[in-house]
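Me: I want to know what stands behind the labels. Take me through the ring contacts and then the helix packing.

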Amino acid sequence: MYFLTFLSALFLPLNNIGAKLNKTDGSAKVLSIAFLVGLAGVISWCVCLFCKQTVTKDMFLYALLFALFYIVGTMCGLTAYQKGSLSGTSLFGNASLVVVVLFSTLYFKEPLTPISIIGVLGVLTALVLLSLPDEKPSNDEKRGFNFVWLLLCIGMLACNSLISICSKLRQTSAGGENAFAFMAVCFTFTFVLSIITYAVWQIKNRSAKDDFLSLKNSLCPLCVQAVGNTGSNLLVTFLASRVNASILYPVNMGGGLVITVLCGFIFFKDKPNLKNIVGILLGITAMILLNL
């Protein structure tokens with residue numbers, strides 16, 4: 001199980017790299033979300049059929065909640081990135097692991113040892129270091145901090161946390177069965193809701209032609225993002241009822257971000273600095289502690 005936990009972290013860099021290369025904007029971003037979850041749904045259904053899993057009635061409510069939280073959280077995040085700084089918004093997105101760990105400890109009575117606490121705090125500190133900007137913020141970023149931005153970030157944090165909690169609740173109540181079928185249903189519901197959201201948006205914008213052209217130009221990054229997003233979600237959902245949250249989510253998110261930063265050094269020629277190096281070493285040390 002620990003091997004699969006680390007494997008889930010390997011998929012996250014694909015999601016992050018695809019998102020970085022995705023050049024869609026405005027309503028085209030909503031269309032790209034629909035494409036992303038649609039492709040994720042196709043992959044999930046293929047895995048579901050290969051593993052001979054079945055769809056059960058208890059999945060539908062959780063899948064609907066997953067879809068709602070996914071769309072609302074994504075829209076809050078996209079708007080927050082436009083109104084505030086990249087680093088500050090990213091921190092709120094990554095902080096959801098703390099909420100999930102605390103919920104699992106209090107609700108599911110999962111053990112949280114002193115070493116686990118140190119490990120979680122270490123991962124959180126590493127996330128802060130790796131998300132901080134390398135340079136002083138520009139005037140645009142400085143003016144981006146406002147109350148609306150804060151509310152959007154809180155909405156994104158809440159939705160990201162609730163997505164993970166929904167998956168864990170369903171998988172725990174079902175004894176961990178049919179995890180891949182559950183994710184296939186979740187992605188399908190999210191795809192339908194994304195299309196409805198885009199259609200409503202088009203009533204005002206009427207930019208479908210430009211949006212589809214923008215989507216075509218970002219097709220390759222979206223495919224990479226879909227593989228990373230799907231692989232990570234499938235594994236996390238499968239492991240949600242089998243591995244303690246204090247290990248699963250810090251390793252998945254912390255490990256994924258560490259590998260993403262390393263990929264930035266290798267493939268995008270990002271220049272490492274002391275903050276990056278300390279964050280990477282702290283993240284790796286924290287993940288070792290979580291697995292002791």
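Reply: The structure holds seven aromatic pairs. Rings of Phe, Tyr and Trp (its six-membered ring) pair if their centres lie within 6.5 Å; planes under 30 degrees apart are stacked, over 60 edge-to-face, the rest tilted. This is a predicted model: local features need pLDDT of at least 70, side-chain atom pairs pLDDT 80 or more, while totals for chains, interfaces and linings use all residues. Numbering starts from 1 along each chain as its sequence is written, and side-chain values use heavy atoms, with hydrogens and water left out.

Me: How far apart along helix H3 are phenylalanine 66 and tyrosine 70?

Reply: They are four residues apart in H3 (residues 59-83), so about one helical turn separates them. Helices here are DSSP runs (H or I, at least four residues; strands are E, at least two), numbered from the N terminus.

Me: Why is phenylalanine 66 called buried?

Reply: Buried means under 20% relative accessible area (exposed is over 50%, partly exposed in between; 1.4 Å probe, protein chains only). Phenylalanine 66 has 1%, so it counts as buried. Tyrosine 70, at 11%, also counts as buried.

Me: What makes phenylalanine 180 and phenylalanine 238 stacked?

Reply: The centres lie 5.7 Å apart, with 20 degrees between the planes. This pair links distant parts of the chain: phenylalanine 180 is in helix H9 (residues 179-205) and phenylalanine 238 in helix H11, 58 residues apart. Phenylalanine 180 is buried at 14%. Phenylalanine 238 is buried at 19%.

Me: How do you know that arginine 242 sits over the ring of phenylalanine 238?

Reply: The rule asks for NZ of Lys or CZ of Arg within 6 Å of the ring centre and within 35 degrees of the ring normal. The charged end of arginine 242 is 4.0 Å from the centre. Lysine 168 lies over the face of phenylalanine 108, at 5.3 Å from the ring centre.
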